[in-house]
Amino acid sequence: MAIKTVYDFSVKDRKGKDVSLKEYAGEVMLIVNTATKCGFTPQYEELEKLYEKHHAQGFTILDFPCNQFGQQAPGTDESIHEFCKLTYGTEFPRFKKIKVNGEDAEPLYKFLTSQKGFAGWDMNHHIAPILDEILSKEDPDYKSNPSIKWNFTKFLVDKKGVVVARFEPTESFENIDAQIEELLKH
């Protein structure tokens, strides 16, 4: 049976309980791999604004801490959750820390990257040239690989569970917000 939507997956919440993504059927979702000690960590503030703005219309954010990029998500699932609540006031669901790349990557993330490959950096973002340089040294052909490149990569999922867009961490929140609003209309 071919996997068609994110609803075919279950993930573990931060306490280790299985959660079927079918629980989010009919909602627009933004699925994000995060880290608490990253140059992009202040995006939690922007994510919370999106959540507050659109949650009542059927939008949610699913937060998956990941320590694969520069070891920037240290700590336990609970300490990460407390940091996000206290520092950024986040209210959206946070799940167990996962791997997003490699053999033991979370199956949901293997699916997400199979649906939408690397979307390219917004080179106007001050961190983009730095990431491009770091990743080019590791793999000169990194842009052709669909893997997650860094923390705060986002996947936009429509109300039917279909992955419709991928946003790299350098993407403007104005663009992300506009695409969320468009999906909420349908």
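## Pocket

A pocket is an open set of points on a 1 Å grid over the protein atoms alone, where a 1.4 Å probe fits, with protein on both sides within 12 Å along at least five of seven lines; lining residues have an atom within 4 Å of a point.

Leu135, Glu138, Ser147, Ile148 and Lys149 lie nearest the centre of the largest pocket.

## Basis of the model

This is a predicted model, in which local features need pLDDT of at least 70 and side-chain atom pairs count only at pLDDT 80 or more, while totals for chains, interfaces and linings use all residues. Residues are numbered from 1 along each chain as its sequence is written, and side-chain values use heavy atoms, without hydrogens and water.

## Aromatic pairs

There are 12 aromatic pairs in the structure, a pair being rings of Phe, Tyr or Trp (its six-membered ring) with centres within 6.5 Å; planes under 30 degrees apart count as stacked, over 60 as edge-to-face and the rest as tilted. The rings of tyrosine 51 and phenylalanine 92 are edge-to-face because their planes stand at 70°, with centres 5.8 Å apart. Both residues are buried, that is, under 20% relative accessible area with a 1.4 Å probe, protein chains only.

One aromatic cluster is formed by Tyr44, Tyr51, Phe83, Tyr88, Phe92 and Phe152.

Terms used
Buried < 20%, exposed > 50% of the residue type's maximum accessible area, 1.4 Å probe, protein only.
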